[in-house]
Amino acid sequence: MTFVDIPVEIRTKVSISVDGEAVDVFEGDTILDACTKAGKITPVVCYGPTVTPVNACRVCVVELEGSRTLVPSCSRPVEEGMVVKTDTERVGHSRKMVLEFLATSSDVTQSNDIMGWLGDYGADLDRYDPETTERMTDEVKIEDDLYIRAYDRCVLCYKCVEACGEDAQWTFAIAMSGRGFNNRISTEFDVALPDSACVYCGNCVAVCPTNALQFKTEFDLRKMGDWRPEDQTVTRTVCSYCGVGCNLDLHVQDNQIVKVDSPMDHSITSGNLCVKGRFGYQYVQNRPTK
Amino acid sequence: MPEIAVTAATPTEAERSAVADSVVLQDPGQISFDAAGPALTFDGDRIARGGQERIFNRRHLLLPVLHDVRDAIGWLSEGAMNEIATTLQVPPAEVYGVASFYELFTFEAPTAPDALHVCDDTACRIQGANELKGELAAGGHNVHGSPCLGLCEQAPAVFVQRTGEAHVSVRSATKDSVLAALDGAMTTPVAPVPQAGEDLTLLRRVHNAAAVDYDGYVATGGYEALAKAVSMSPAEVVTHVGNAGLTGRGGAAFPTGFKWSAVAAEPGPRHLVVNADESEPGTFKDRVLMEHDPYSLIEAMTIGGYAMGAEQGWIYIRGEYPEATRSLQSAIAEARSMGMLGDDVGGHNFRFDIELRLGAGAYICGEETALLNSIEGYRGEPRNKPPFPTTNGLFGQPTAINNVETMVNVNQIMLLGGEGYAAIGTEKSTGTKLFCLSGHVARPGVYEVDYGATLRDVIALAGGPVGSLTSILMGGAAGSFIGTDMLDVPLTIEDSREHGFSLGSGVVMLLNDTVDYHDFVARIAQFFREESCGQCVPCRVGTVRQGESLLRIREKGAPIEQERRMLDDFALVMKDASICGLGHTASGAILSAIDLGLIGGRS
């Protein structure tokens, strides 16, 4: 008989102060974890539970005693005795400005989160003269029947790059290219997706916060004005292709599957699927036509 | 280890051999090429030691190989980049992502093999750069506007990026001298140091043409500082640097001794990186040191390597410094052949060598962590700190990063001892400082003074202003404008801070009443917009929005009060929430110009 030595992870408790309240978290946790534990609602764009934070959006910043600048809560590990403030004017200002910057640069209207925070933080978009305010005006890339890329909605959060690369798929079909405001998520030499290294797992689509990447089915329905999330049902099932046991959430509208994803907290998938699980659902609705 | 899948585009024979030559040159002895194609063959030894991992680790060759292919072919085609991707085992999307980050690489066959990068930044702008650019463009040349080329004392300047030939910088450029450079005329740099003959330390060799050779360097006291250093223990050397009170001369003024002792305390291997990516508009002091006294940098680095137990030194020099690059290349090679770099430096029983890496047109790579990413073959995007480079630097290993001028001061510290050095200057700002005088000044150039000299003193050294002085740009684009009421402020870290400005990298740019400040400040805004890496939202968008605000003030007559409120909002979020110093300082000059009434005044 073989005994497997299962190491017991001993995590040191760390106590920090969030808006004057003592919060106990563990070593290795982030300030964001502590804020969440303290009941604070922290806006996040480039942070996701399944991807390494690139801390590029800076909307989650908090005040940390002893730090000259604000710090990104999503990626700053806690240290014993940290004094963090989230409800100060400085924090509010930076969050509001980041949200204004995002909303004046890209089309964020399909992100319910961002649209909500714009209101919460008192963003004033009207003060930006539309004539002199540059936006991302990329045309939507429709290159196949599976998903589209609408980079005028992109906020350059790097999550798709992370998901395509080391955080999930290890395909590295997309990367950040260009510099500054001309940064774009791009395939090699900006070739069309079918010509690129893309394997169509769609794990980039799953993590996109603004719907810049979306199922072609959703894109078509939205175009026809017929995208009705309120009328959709979500059915959880197990993918029938192989034996791994990935959970699928089938989004169904008018008895048609319109989108497939997997729960981010699922122990097997962490929200990731392969091309078959995510896009190979047509056989399910292979019904005889009337 | 990802599987590398490339597009159908194939390289030409010339591109294929350019990649092969480059990789063999950069990484000699590691690989051999199968003549039939790009497949790599490894000798048994390498495979036994984990050849696959070694290929993966060659990612740091990406930037040098991109340079070599661009220089051989003139541009980077899809086929060439596919070849680079398969050879270095870097995903092609990332090869493209990295290459497209840099200004000096282009992805379409150029109209002419040689590119002319005409500096139209601050100092050149007020010396006729735009007119020169127009003339050259009218002649059908491959002309690009360029940010500051670090030749402000010999404005206007042009960087000639040649194909198959050595690059060259043209100083005090005219149409004719640029055309001559295209025909192969080289530039012999002349040290812009009018202070010659005086009691200089950092600049003492810049007029001695013999000092660029090993013998000439030794004959002028070279390597005495190293001899002094190795007579002490490494820890004692670090203590002297700490006691000297030396602070970083690149702009941040961080105490060098702290940095060195932190790195020395970390487990090895350790790195010493010299930041020679001198790109702050108006700054050219490091270029002068490297062009005319390259050994002083090599000697100081060797001392640093000894003191911190760092066996590998790196110099990251900007790609637009061809003369300084050649000067360092030849000095490094000669130092190696003289046994002053290598496995046993000067018989002193320690190992130290230097690798020179070239930037490719990106101001942000002067930010220390962006610089590290650039060396490693990634986009020059700054890293979030902490962790700091002293613990997690180059390749994740402990790294000290110092500016060229900072480094060269170490020789002086060895010769004088820490306390002796600290006696120069003021109590808080020790040593001598190089200032880069340019703009409307009688004798533009690099000046060395003890910390504590006033702005008036330094300007007087340079022969005084030309015309009626209206403001001085201190610290470059990342600094601020100050008025003529500040002339008597001593140029020390503490006094400048007290008066609300920063010495930064030592830029003193004089501007007289002929300057169109709206245009000048707009160029600074354009600089930050183009040089922001775009990683974080506050800086990527903030640098664009502040430029738009200036445009509204200038061209649409927008009410200054309203725009000022927005500019303040932009400035605060960039200062508070940007990842790095570029965003933190991107609005300083613009706001100071409004405060001084240089722009936006309701006349």
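Me: How much area do chain B and chain A bury between them?
Reply: About 4,300 Å², of which 57% is on carbon and sulfur atoms. Buried area is the accessible area (1.4 Å probe) that two parts lose on being put together, summed over both.

Me: Before we continue, what conventions apply?
Reply: This is a predicted model, in which local features need pLDDT of at least 70 and side-chain atom pairs count only at pLDDT 80 or more, while totals for chains, interfaces and linings use all residues. Residues are numbered from 1 along each chain as its sequence is written, chains are lettered from A and ligands numbered from 1 in the order in which they are written, and side-chain values use heavy atoms, with hydrogens and water left out.

Me: How many residues of each chain are in contact across the interface?
Reply: On the chain B side 53 residues are in contact (heavy atoms within 4.5 Å) with 52 residues of chain A.

Me: And how many salt bridges are there between the chains?
Reply: Seven are found across the interface of chain B and chain A, a salt bridge being a side-chain nitrogen of Lys or Arg within 4 Å of a carboxyl oxygen of Asp or Glu. One of them joins B:E531 to A:R179, with 3.2 Å between the closest N and O atoms. The charged end of A:R179 also sits over the ring of B:F101, 5.7 Å from its centre; the rule asks for NZ of Lys or CZ of Arg within 6 Å of the ring centre and within 35 degrees of the ring normal.

Me: What is the aromatic content over all chains?
Reply: There are 23 aromatic pairs in the whole structure. Among them, A:F189 and B:Y96 are edge-to-face, at 5.9 Å centre to centre and 75° between the planes. This pair joins two chains, because A:F189 lies in the loop between strand 8 and helix 5 of chain A and B:Y96 in helix 6 (residues 92-99) of chain B. Helices (H or I, at least four residues) and strands (E, at least two) are DSSP runs, numbered from the N terminus. Rings of Phe, Tyr and Trp (its six-membered ring) pair if their centres lie within 6.5 Å; planes under 30 degrees apart are stacked, over 60 edge-to-face and the rest tilted.

Me: Are those two residues, A:F189 and B:Y96, buried or exposed?
Reply: A:F189 is buried, with a relative accessible area of 12%, and B:Y96 counts as buried at 15%. Buried means under 20%, exposed over 50% and partly exposed in between (1.4 Å probe, protein chains only).

Me: What kind of pair do A:F215 and A:F279 form?
Reply: A tilted one, 4.8 Å centre to centre with 35° between the planes. The pair links distant parts of the chain, 64 residues apart: A:F215 is in strand 9 (residues 213-215) and A:F279 in helix 7 (residues 275-279) of chain A. Both residues are buried. Ring pairs link A:F215 and A:F279 with A:Y147 and A:Y200 into a cluster.

Me: Changing topic, where is B:E405?
Reply: B:E405 is in helix 18 (residues 404-416) of chain B and is buried, at a relative accessible area of 0%. Beyond its neighbours within four places in sequence, its contacts include B:R249, B:K285 and B:K433.
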